[in-house]
Amino acid sequence: MHFHFNHALDHGVKPGEISEIITHLAFYSGWANARPAVGVAKDVFAHHKIGADQLPAASPLLLPLDNAAEAKRATTVEQQFGTVAPGIVQYSTDVLFRAL
């Protein structure tokens, strides 16, 4: 990957585009497959003197929370896991589906 990232940067690919490719890799092939690419990109970016300030900032547009769907999800999780794994119920509410 070092060769390919260096070659891409030398031929006009922007650092943000490489960053976006790694993000897609994570979602489509799994975080475990993307993680090594992050380390390689970090090394290549350092070699090219590309700092974090040269990468696009994350500014996602969040979808509005559907309160009815959230209530149904919470009820379903509680019914399926509440008696056997209350920690799962708490984790799903506090971490996985936390309202921002």
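The model is predicted, so local features are reported only at pLDDT of at least 70 and side-chain atom pairs only at pLDDT 80 or more, while totals for chains, interfaces and linings use all residues. Residues are numbered from 1 along each chain as its sequence is written, and side-chain values use heavy atoms, with hydrogens and water left out. The protein chain contains five helices and zero strands, where helices (H or I, at least four residues) and strands (E, at least two) are DSSP runs numbered from the N terminus.

**Overall architecture**

- Along the sequence, the protein chain reads α-α-α-α-α.
- The radius of gyration of the protein chain is 20 Å, well over the 13 Å that the globule rule gives for 100 residues, so the chain is more spread out than a compact globule. This radius is taken over C-alpha atoms, and the globule rule is 2.2 Å times the number of residues to the power 0.38.
- The C-alpha trace of the protein chain spans about 55 × 25 × 20 Å along its principal axes.
- Of the 100 residues in the protein chain, 21% are buried. Buried means under 20% relative accessible area, exposed means over 50%, and partly exposed lies in between (1.4 Å probe, protein chains only).
- Among contacts in the protein chain with a separation of 6 or more, 58% join residues 24 or more positions apart; contact means heavy atoms within 4.5 Å.

**Conventions for helix packing**

- Two packed helices are described by the angle between their axes and the distance between the axes.
- Axes are lines fitted to C-alpha atoms, for helices over the stretch in contact, and angles run from 0 to 180 degrees between N-to-C directions.
- Angles under 35 degrees count as roughly parallel, over 145 as roughly antiparallel, 65 to 115 as roughly perpendicular, and the rest as oblique.
- A crossing is left-handed if the near helix is turned anticlockwise from the far one by less than a right angle, and right-handed if clockwise.
- Ala, Val, Leu, Ile, Met, Phe, Trp, Tyr, Cys and Pro count as nonpolar, Asp, Glu, Lys and Arg as charged, and the others, Gly among them, as polar.

**Packing of α1 on α3**

- Helix α1 (residues 2–10) and helix α3 (residues 31–47) have axes that come within 9 Å and cross at roughly 45°; α1 and α3 are therefore oblique to each other.
- The crossing of α1 past α3 is right-handed.
- From α1, the contact involves His2, Phe5, Asn6 and Leu9, and from α3 it involves Ala37, Val40, Ala41, Asp43, Val44, Phe45 and His47.
- The residues of this α1 and α3 contact comprise seven nonpolar, three polar and one charged.

**Packing of α2 on α3**

- The axes of helix α2 (residues 15–29) and α3 come within 7 Å and cross at roughly 165°, and the two helices are therefore roughly antiparallel to each other.
- α2 and α3 form a left-handed crossing.
- α2 contributes Pro15, Ile18, Ile22, Leu25, Ala26, Phe27 and Ser29 to the contact, and α3 contributes Trp31, Asn33, Ala34, Ala37, Val38, Ala41 and Phe45.
- The contact of α2 with α3 has 12 nonpolar, two polar and no charged residues.

**Packing of α4 on α5**

- α4 and α5 pack at an angle of about 165°, and their axes are 8 Å apart; α4 is thus roughly antiparallel to α5.
- α4 and α5 cross in a right-handed manner.
- Arg73, Val77, Glu78 and Phe81 of α4 meet Pro86, Ile88, Val89, Ser92 and Thr93 of α5.
- The residues of the α4 and α5 contact are five nonpolar, two polar and two charged.

**Selected residues**

- Met1 lies in the segment before α1 and is partly exposed, with a relative accessible area of 46%. Not counting residues up to four places away in sequence, Met1 touches Pro36, Ala37 and Val40.
- Tyr28 belongs to helix α2 and counts as exposed at 70% relative accessibility. The C-alpha atoms of Tyr28 and Pro60, 32 residues apart along the chain, are 18 Å apart.
- Lys49, in the loop between α3 and α4 (67–81), is exposed at 71% relative accessibility. Phi of Lys49 is near 55°, a positive value in a residue other than glycine. Most residues other than glycine have a negative phi.
- Arg98 is located in the segment after α5 (86–96) and is exposed at 52% relative accessibility. Arg98 and Glu70 are 28 residues apart in sequence and 10.0 Å apart in space, C-alpha to C-alpha.
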